[in-house]
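Okay, thanks for coming, everyone. Let me put the structure up and walk you through a few things in it.

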Amino acid sequence: MKGVLAVWIIATAFQYSIAAYADLGITYGTNGDNFPSPVRVSEFLEKDMKHKIPIVRFLNADVEILQAFSDTNLGVTISVTNAEIPTVATSQEAANAWVHDHITPFAANSRVRFRYITVGIEAIPGDLAPLVTPAMTNIYQALILVKSKDFIKVTTVVSPTVLGQSYPPSTGQFEQSVSGVMDNVTRFLQNIGSPLLLNIYPYYALVNEPDKISMQYALFQSKEPVVIDGEYKYYNLFDAMVDAFVAATEKVVGNGGLRVVVSETGWPTKGNEPYTNVKNAQIYNSNLRHHVITVGRTPRQGDYKMEVYIYSMFNEDKKPDPVGASFGTFNDDLTEVYPIWH
Ligand SMILES: *[C@@H]1O[C@H](CO)[C@@H](O)[C@H](O)[C@H]1NC(C)=O
């Protein structure tokens, strides 16, 4: 009996230590056919993968998916979609109803842990941009009503299009046309203690400027620093892209800026040779994983452990462009497209 207990304790401790050091998860886009059922995916992540992927992000708050994940010991991030922003931003009742429908049924008696509610995905820049902070405010108030504000962080997701300057990273600042909105977003997140979520794709940066950026730098393969920015040395483009955001938020709130979390990154396997292939995708995602696990910090944000979500769980064949459709790391039968998690 003692022996069994000891094994159980070690196994449990091991499981938690994995969850604690690897703040690396996956974003589960659902723009495709033939995906396994949400129940099968939740069981796969919890049991087959044994918590190697302890955190999952969804691009909406589909009740069927939430139901499937509610009895797992996984951390989940859900999203108020861009289409839902206008209603939630202009009506506290609508925000209360959103939380009542998507959080309340799953938060109380379930094992699942909600990590973030992202209000809008790349809604800035755009017509919805001025509504993002009002919508986050209403969702935050709704969480106070159900006493969940300390457990679930409200935030939003942005991409490098909100930056006017990003090279070298220390010069990072918000683009002029969105700086009013982004200053408000940054201050709001600072006030409520939430991070800013970033979609960061070195792949797209590379293919936009192939004469300026090397493949090695984009794929975490540089042996020497490629960019030296004051006291900080950059060996990979991922860190440089993240730190440009850190610098931009520092210019708004000072004190090292906001904590940032990478809600999407990844590499496509098809559609734009010679950049897109399984080999490059495997190199990028394995090196990213190694970087998150062994270094775990960007040069400029040494105080915070990285938290990164690989895009994506599956290839999404309903997306119109072949590159965008090919970020999947698992096949529809839940085998790996290429090994990265072991
Ligand atoms: C920023 O917030 C202030 C105070 O709530 C508001 O008056 C202003 O319109 C906001 N600016 C933008 C660009 O949304």
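Let's start with the ligand: Gly 180, Val 181 and Asn 184 are the residues around it, where "around" means a heavy atom within 4 Å. From the side chain of Asn 184, an N or O atom sits 2.3 Å from an oxygen of the ligand. On its own the ligand has 360 Å² of accessible area, and the protein covers 29% of that (Shrake-Rupley, 1.4 Å probe).

Quick caveats. This is a predicted model, with local features needing pLDDT of at least 70 and side-chain atom pairs 80 or more, while totals for chains, interfaces and linings use all residues. Numbering runs from 1 along each chain as its sequence is written, and side-chain values use heavy atoms, without hydrogens or water.

Now the fold. There's a barrel closed by 8 strands in the order 1-2-3-4-5-8-11-12, with parallel pairing; strands are DSSP E runs of at least two residues, helices H or I runs of at least four, and a strand pair needs at least two bridges. Strand to strand, the twist averages 25 degrees (axes fitted to C-alpha atoms, angles from 0 to 180 degrees between N-to-C directions).

Zooming in, strand 3 (75-80) and strand 4 (113-121) pair over 6 bridges, and Val 80 stands opposite Val 119 in strand 4. Helix 7 (132-145) packs on the sheet, touching strands 3, 4 and 5, contact being heavy atoms within 4.5 Å. The direction of helix 7 makes about 155 degrees with that of strand 5.

That's it from me; questions welcome.

How values were computed: A polar contact is a pair of N or O atoms within 3.5 Å; within protein, one must be able to donate a hydrogen and the other to accept it, and residues adjacent in sequence count only if both atoms are side-chain atoms.
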